[in-house]
Amino acid sequence: MSKANLLDRRQVVSTLLANRKDVVAIGGLGASTNDICAAGDHARNFYLWGGMGGAAMIGLGLALAQPTLPVLVITGDGEMLMGMGSLATIGLQKPSNLSIVVLDNEAYGETGGQTSHTSAAADLVGVARACGIQHSESISTMAEVEAFAKAVHDVSAGPRFANVKIDSASLERILPSRDGTYIVNRIRGDLGFQPI
Amino acid sequence: MHARADAADTVPESSTLWPDDIFATLQRFDVRQVPYVPDAGHSKLIQRVLGSSTMRGIPLTTEEEGVALLAGAWTGGQRGVLLMQSSGVGNCINMLSLIPILRFPFLTLVTMRGEWGEFNPWQVPMGSTTQGVFELSGVKVLRASNAAEVPAVLEAAAAQAYNALTPTAVLLSQRLIGAKVFTK
């Protein structure tokens with residue numbers, strides 16, 4: 001069933017990262033990691049090609065280590081569902097510099113478009129809020145995306161969570177680096193850390 | 001009620017100090033993030049961590065969260081250690097793939113169940129495969145079986161994990177922590 005007025009995932013992500021300044025962006029396994037690459041490769045992009053369910057926790061570890069740095073996790077509904085417990089862990093730690101955006105197409109797009117739990121029952125905004133992430137919202141307009149992108153830079157008011165309903169169009173794949181060590185060390189280098 | 005066999009007065013006092021030895025080693029290696037799923041065998045160490053001004057104890061809902069957390073911590077310049085019991089190791093398997101891929105320092109301290117005087121048969125299958133799971137996943141395994149060897153084992157584990165980026169698990173044997181006693 002197609003729904004009207006769903007947002008375009010690439011437009012959402014490029015808006016989130018348009019004026020990113022010092023943001024570290026973590027893309028969850030699946031199309032989200034391609035989306036952050038499509039918005040422009042960047043030394044502070046953390047591309048995940050595996051570890052499904054781990055994106056939000058990588059964000060938490062980074063946010064706690066660098067409390068003045070805005071950390072933005074951009075992932076999909078399937079990836080978030082697999083790590084749903086991490087919302088409880090984040091709700092307990094309340095890192096004020098962590099933001100999570102779920103690009104929700106209600107489907108496992110990488111594996112054939114099988115419907116996900118968010119298509120009919122699971123409400124991730126409700127889950128996030130019930131886990132103690134008070135700033136949890138459902139986003140359906142680009143104006144709301146723009147407002148969220150601004151809020152990401154306020155590292156004293158998080159954590160925040162947004163679920164963005166996007167259309168399920170399959171887009172051209174923009175493939176980022178698959179070399180995990182390079183990806184991590186590039187971020188560490190940009191943050192000023194020396195190799196071991 | 002749950003108790004520990006080593007609570008008996010036959011155990012020398014020094015043997016109950018090994019969690020303090022672990023804490024001291026972690027502090028010396030500048031460990032900052034300590035994700036954990038609680039276990040009775042880790043309770044004293046968790047108390048020390050939660051009372052520390054330099055370490056942050058982070059309760060997890062499931063152990064694989066801790067593997068991903070440590071990857072993020074390292075990316076942000078901090079070292080961590082994952083505390084769990086042997087049952088939790090099975091929960092981590094796919095997430096352990098992040099360690100060789102991202103090449104971050106990984107140290108985990110695992111309190112063992114399902115061995116040495118175990119009462120609960122349900123602990124035995126995972127306890128029996130804990131070491132094998134780690135080794136198949138590329139994590140080196142060290143073991144401490146008595147309080148006296150804890151400091152040296154921890155020192156070696158932390159050194160190879162943080163200095164040589166050798167993923168390392170320390171199994172704290174049930175002989176060390178004491179078999180869990182179930183009383184009505």
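1. A residue counts as buried if 20 or more other C-beta atoms lie within 10 Å of its own. In this predicted model, A:Ala56 has 30 other C-beta atoms within 10 Å and is therefore buried.

2. A:Ala56 belongs to helix 3 of chain A. Leaving aside residues up to four places away in sequence, A:Ala56 touches A:Val73, A:Gly83, A:Ser86, A:Leu87, A:Ile90 and A:Ile100. By contrast, A:Thr115 stands 59 residues from A:Ala56 along the chain, and the C-alpha atoms of these two residues are separated by 22 Å.

3. Helix 3 also bears on the contact between the chains. In total, 27 residues of chain A are in contact with 26 residues of chain B. On the side of chain A that touches chain B, at least two residues each come from helix 3 (55–65), helix 5 (85–93) and helix 8 (180–190). Helix 3 of chain A gives the most to this side, with eight residues. By class, the residues on this side of chain A comprise 14 nonpolar, 12 polar and one charged.

4. A further point concerns helix packing within chain A. The axes of helix 1 (residues 9–17) and helix 2 (residues 31–38) of chain A come within 9 Å and cross at roughly 55 degrees; the two helices are therefore oblique to each other. Their crossing is right-handed.

5. To this contact helix 1 of chain A brings A:Arg9, A:Arg10, A:Val13 and A:Leu17, while helix 2 of chain A brings A:Ala31, A:Asp35, A:Ile36 and A:Ala38. Five of the residues in the contact of helix 1 with helix 2 are nonpolar, three are charged and none is polar.

Key. Residues numbered from 1 in each chain as written. Chains lettered and ligands numbered in written order. Predicted model: local features only at pLDDT ≥ 70, side-chain atom pairs only at ≥ 80, totals over all residues. Axes fitted to C-alpha atoms, helices over the stretch in contact; angles between N-to-C directions. Helix = DSSP H or I, 4+ residues; strand = E, 2+ residues; numbered from the N terminus. Parallel < 35°, antiparallel > 145°, perpendicular 65-115°, else oblique. Left-handed = near helix turned anticlockwise from the far one by under 90°. Contact = placed C-beta atoms within 7 Å. Nonpolar A, V, L, I, M, F, W, Y, C, P; charged D, E, K, R; others polar. Buried ≥ 20, exposed ≤ 12 C-beta atoms within 10 Å, placed from the backbone.
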